Every structure is written in structure tokens, then in C-alpha cells.
Amino acid sequence: MKSVYRVNLAHIKELESIVDAAGVSCWQDTEAFWQQRLETAVFPSTQIDSIVYPNTQAELAAVIAWAGQNGYAVLPCGSGTKLDWGGLVKLDSPNVRLMAVSTSRLNRLVEHAVGDLTVTAEAGMRFADLQQVLATAGQFLPIDPAYPQHATLGGMIATADTGSLRHRYRGVRDLLLGMTFVRSDGKIATAGGRVVKNVAGYDLMKLFTGAYGTLGVISQVTFRVYPLPESSGSLVLTGETNALIQATQILLSSALTPTAVDLLSPDLVTKLGLGKTTGLIVRFQSIAESVKQQSARLLEVGEKLGLQANICREKDENQLWQTLPETIWNSPQNSTIICKIGIKPSESVKLIDQFPIQDAVIHAGSGLGILRFDETATAEVIGKIRRGCEAKGGFLTVLVAPAALKQELDVWGYTGSAIDVMRGIKQQFDSENVLSPNRFLSGV
């Protein structure tokens, strides 16, 4: 994206009349960090004309409507932390221009119904800011996304980014009670809680979760929240593979109620200073006595199986759960490859042992996880691991990788029978392919 884009000044003026002059930035005037983030989301040589920052939902709707009427495709984003995830946006025609639309200024708290354990906020609100608001009432949103200090609520939904807490609280779509979004034609629609208008025939919240901005631009969300736990404690078991498999099976079939159960690769365990073999990290959160008793029971299981145990308390535990995702996600740009996988939970430990995986965290209860490789990993290596996941009843999706690698292999690797259904849904929601064009499949 080194060539200079000839700016259509008339279009810029029209956009400024919608969001004001401060809400429109031509590509050449855009901050370097935004340029870098946006470039990771588009096909090489694809040029972005401008970035628009609506201040209200009405402005967002007007901008999307304007884009469709003036031959623009739209790349929706929040704070840009996950723009490099998944497929690359590619324009259908050289006559189509591309603009980015950020919801980062739609960041207001709409309502916190403390007694009902629900919260409604605009999609551009940062996750960390929402957690601070909820904490004052002794509540929290049980999600631990990548880049928690900067991730926006809309971005978390668009990428289905949940984290380790999904073991106890399930995924983003299960916590989402309602949402408002702007369609590709600029019309506003609402689904779930606080319903004003819905679209019959679809569970919109499930469709939009993980849709990567291809069906609409999320503008407002309502989540179910939970009381903050009184106490928390974690236990890390490391050791021989078969013993870890047994410990995991015993834990998952027991009456214990952990909030997180993650399997860690040997490299990741070493980086965290917890040992040198595959590890199982388990977190309990409840009243203090329950945390103590449950940790003790799991410790007994580990000792009987000959596993090494590392008990984490209070400050050390908080540091561990902060360092774990940072080790996966906070890597220099263009020097890492990150994939999302899903396999049968019973196959998780075997996968880590079988393939040359650098860093891996797999949620043992669901079989979903994240794999991280350095830049030396090739498309052939990724393909081999993908086939291994598929053989174990799962999948592998490439989230973060250099553009050249994403062009060399199929990012999504989807081989199911629902492709025609996906294209049909995209056609109904966005018949002109305005929103994140071709980010999934051709036409999706």
C-alpha cells in the first residue's frame, strides 16, 4: 500500500457533513499505527481511501448508507486490535473504493441494571472500561479476550473472542442477550433484549458472533453479567502425558466446578516458569472455603498420578492469568503465526505431543484453543497440523499470519456443506457485498 491514493475531496466533504471534520481522516493523514493495523486486514495492493469515526449510532447508519450509495466497500472496526485476524478483505472490482469505519467513538454505557445482572453499552466501549464500571457494583463480564485493555465489545462479538473463562460461563454468544446493528443499507435493526425491530427466521446474535463484520456493523450490545467471585485459586499440574490425560478426564467427570481448565504446551509452560513438560492449569473461583477444598481434591488426584503440582495464590495467580494470554498475543508484528483450533477434548494432549507446536493453550472442556508459531512455520507445517485436527474431528483456522502465507493457504479451511447457506445469508444481509467483502469466502 505504498502508492498514493488520489482523494475524492467531494466525498470527504460529504462524509464530514455527517460526522464533522474531526471524524474523517484521509489515508495519507491517518496515524501510522492505524495504517499498520488496517494494512493487515486487506489484500496486498488494496488501498483504503479514508477512515471515518461516527459519534452516534445515527451517524454510523448514515455513513454506511452513504458508502453503499457511492460505490464504497466498508471495513468495520473498533480499536483495530483484531483487524489482522482471519481472511483478507478483497474488492470485487477496481471501480469499488474502500473505507474503514471505526466504532471507537461509540463508547458510552447505556444502562447497567445491577439487580437484573445485565449491562447495555455501545459497541466501541473497551472491555477494560466496562469491567471497571461493573466492578463498582461487584459484578463482571466473564470473558477474557485477547488484548483486554484495548479490545472493544463489538470486536469481541465479531471475532467470537472468549478465552479461558468459557469453561464455566460458555462463549460470547451465550452471554449476549441483545444487540443493535446497522445493516449494509444503513438501516438500524435490533435483536434479542431491548428489541425494537427483529428479522424473522434467524437467531441474529448467533449469526453475528464470529461473522467478522460481514453481515452488519454492531452498534450496541446487552450482556448478562455475574457477581465477582469472593476468592480465586489456581493449580498447575505438569508431568507425563498419560497421567495428564487421566487427570483431565477425572477432573472433567467430577463434581468439581472450575472456571478454567487449560492444557499448555511444554514451550509455553517453560516460558511461564512452571516446568518443562505439558501442563494442565485449573482455576477455581467461589467462596474461599470452596476454592480451598476443590484445589485440595485436585492436588490429591495429581499426587496419585505422579504429577508435579504448583499452587498459585492471590497475587501470583493474577499475574499468571495475565501473563498467559500476553505470551500468546503480544508478539511483534509479522513475526508470528497464530491459529485457532477445535478438536475432540479427549485428543487435546495428544495433539500437543504429536505436532511441532511452539505455544499452545487448549481449553480442555471444549477442545477449542490457540496455537502460536514463529515466522519460520510454513504453509506445509500449518497444513499438516490442520489435517491432524480434522482427523481428530476438528478444525484449524489461521488468525494471524503474514499476508503472503494467508494467500498461500486457505485461511478458514472450511470443508463442510454449509458454504451455499453462508453465501445465501450474506446475500440476504449484504447483497452488494459492501461489508468486509470476501473476508470469509468469495462473496462472503
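A residue is called buried when its relative accessible area is under 20%, exposed when over 50%, and partly exposed in between (1.4 Å probe, protein chains only). The model looked at here is predicted, so local features need pLDDT of at least 70, side-chain atom pairs count only at pLDDT 80 or more, and totals for chains, interfaces and linings use all residues. Residues are numbered from 1 along each chain as its sequence is written, and side-chain values use heavy atoms, with hydrogens and water left out.

Take strand β17 (residues 359-363) to begin with. Strands here are DSSP runs of E with at least two residues, helices are runs of H or I with at least four, and both are numbered from the N terminus. In β17, 5 of the 5 residues are buried, so the rest of the structure largely encloses this strand. In a regular strand, side chains alternate between the two faces of the sheet. In β17, D359, V361 and H363 point one way while A360 and I362 point the other, and all are buried.

Next come the partners, where two strands pair if DSSP finds at least two bridges between them. Strand β13 (residues 260-264) runs antiparallel to β17, joined by 3 bridges, and D262 sits opposite H363. Strand β18 (residues 368-374) is also antiparallel to β17, with 4 bridges; here I362 has G369 as its bridge partner. β17 and β18 make a hairpin with 4 residues between them, and G367 in the turn has a positive phi of about 80°.

Over in helix α1 (residues 9-19) lies V19, which counts as buried because its relative accessibility is 1%. Leaving aside residues up to four places away in sequence, V19 touches (heavy atoms within 4.5 Å) V24, V52, Y53, P54, N55, E59 and V63. V63 is 44 residues from V19 in sequence, yet their C-alpha atoms are 8.2 Å apart.
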